[in-house]
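Me: I am new to reading protein models, and I would like to go through one slowly. Could you show me how to read its features, giving the general idea before each case?

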Amino acid sequence: MKTFIFLLIAAGWGRSCLGQLPDTSRIFVTANPYLLPISKSAIKGSYPIEVAYQKTTHIIFPARIKDFDAGSDAVIALVPENVTNVLRVKANIKGFAEETNMTIITEDGGFYSFLVNYNENPEVFNINIANNLQSDAKVASHLGIGSINPFNQTQEPKRIIPTNELLSFCQKVNIKSAFLIGIGMVKNECTAMIMGVYRKQDVTFLQIKLQNESELDYEWDFIKFFVKERHTIKRMAVQNEELIPLYVHPESIQTIGAKTERKMVFALPIKSITDNKLISVEIYERGGGRHLTFEIDDSVLNQAKSI
């Protein structure tokens, strides 16, 4: 009897005390959790990619692949033993219907995300991610996503010379007379030639003449510069370092009309290269096939004149 009364008193006392204290279990169950919003600048975009069961897709990365993960067993991938910046991707399940994903981490801190779908006849079999980084940065900036990654080559180039001074130097170079001959490429009546090389501090200014002798306007999709090895085995995938211009003058030009020519100046964040390297210039026509590509070696850069 005494035990029973004690339990009742204890139970009543417990309810009384609990009534005076905050109901912590209720707080966790019913209250809205404190959630931080995900900023658009923190979102890393993904690439769309198609894979096949009987065909292999190759993806070339700017650095050695450190880690790979697929969202399902529908996708398999292999890194060749002697070429560690290339990923071979295939479908492990023929005709898989549901979209999956895969992520790749490279040793330079790069993180790459892909959305994967099945297609027995993919439109693209070979992708060089290194050549896509600059356009990625522009698209991401337009969409308002993607913060600058200190390990990523797509970050804005360091301003070695203030912007207003770069413009002034580019204008001076643009009106100078040509002193180089025969360095460039001619294709389908379209020409890109290096007319002169100039240097200020650690910046190289390339004076390039673009000439269109055809009856059709020439509009380019992009003009890119890469530092690459002079001698490489053709079967070997090589990491090419993209040189993002500090300044382009005139910025507004992106089309060369029929039967016209224009001069442009590109300020590159480079002073010199070793004799085993080259600077590759790539000009790709938008919606056409008149692509102009040529190379500049150290002997050309060594002729640079001071501004």
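Predicted model: local features only at pLDDT ≥ 70, side-chain atom pairs only at ≥ 80, totals over all residues.

Me: Which strand does E7 join through 6 bridges in the antiparallel sense?

Reply: Strands of a sheet pair through backbone hydrogen bonds, either parallel or antiparallel. Here strands are DSSP runs of at least two residues, and helices (H or I) are runs of at least four, both numbered from the N terminus; two strands pair if DSSP finds at least two bridges between them. Strand E6 (residues 100-106) is the antiparallel partner, joined to E7 by 6 bridges, and in their hairpin, which has 4 residues between the strands, glycine 109 takes a positive phi near 90°. Strand E7 (residues 111-118) also pairs with strand E1 (residues 46-51), in the parallel sense and over 6 bridges, with asparagine 117 of E7 as the bridge partner of glutamate 50.

Me: In what order do the 4 strands of the open sheet lie?

Reply: The order is E4-E5-E2-E8, and the pairing is mixed. Strand E4 (75-78) and strand E8 (126-128) are the edge strands, each pairing on one side only. E4 runs antiparallel to strand E5 (residues 86-91), with 4 bridges between them, and lysine 90 in E5 is the bridge partner of isoleucine 76.

Me: How should I read the buried residues of helix H4?

Reply: An α-helix has 3.6 residues a turn, so residues three or four places apart point the same way. Buried means under 20% relative accessible area, exposed means over 50%, and partly exposed lies in between, with a 1.4 Å probe and protein chains only. In H4 the buried residues are Leu166, Phe169, Cys170, Val173 and Asn174. They cover an arc of only 135° around the axis, so they lie on the same side of H4; the arc is that of the directions from the helix axis to the C-beta atoms. Their cover includes strand E10 (190-200), strand E11 (203-212), strand E14 (247-249) and strand E16 (260-268).

Me: Is E11 itself enclosed or open, and why?

Reply: E11 is largely enclosed by the rest of the structure, because 10 of its 10 residues are buried. It pairs antiparallel with E10 over 10 bridges and runs antiparallel to E16, to which 9 bridges join it. Glutamine 211 of E11 stands opposite threonine 191, and also opposite glutamate 261 in E16.

Me: Which residues have the most contacts inside the largest nonpolar core?

Reply: In soluble globular proteins, nonpolar side chains tend to be buried together. A nonpolar core is a set of buried Ala, Val, Leu, Ile, Met, Phe, Trp, Tyr and Cys residues joined through side-chain atoms within 4.5 Å. The largest has 31 residues, and those with the most contacts inside it are Ile194, Leu210, Trp220, Phe225, Ile283 and Ile296. Its largest share, 5 residues, comes from E12. A second, separate core of 19 residues includes Ile59, Phe96, Phe114 and Val116.

Notes
Residues numbered from 1 in each chain as written. Heavy atoms only, no water. Contact = heavy atoms within 4.5 Å.
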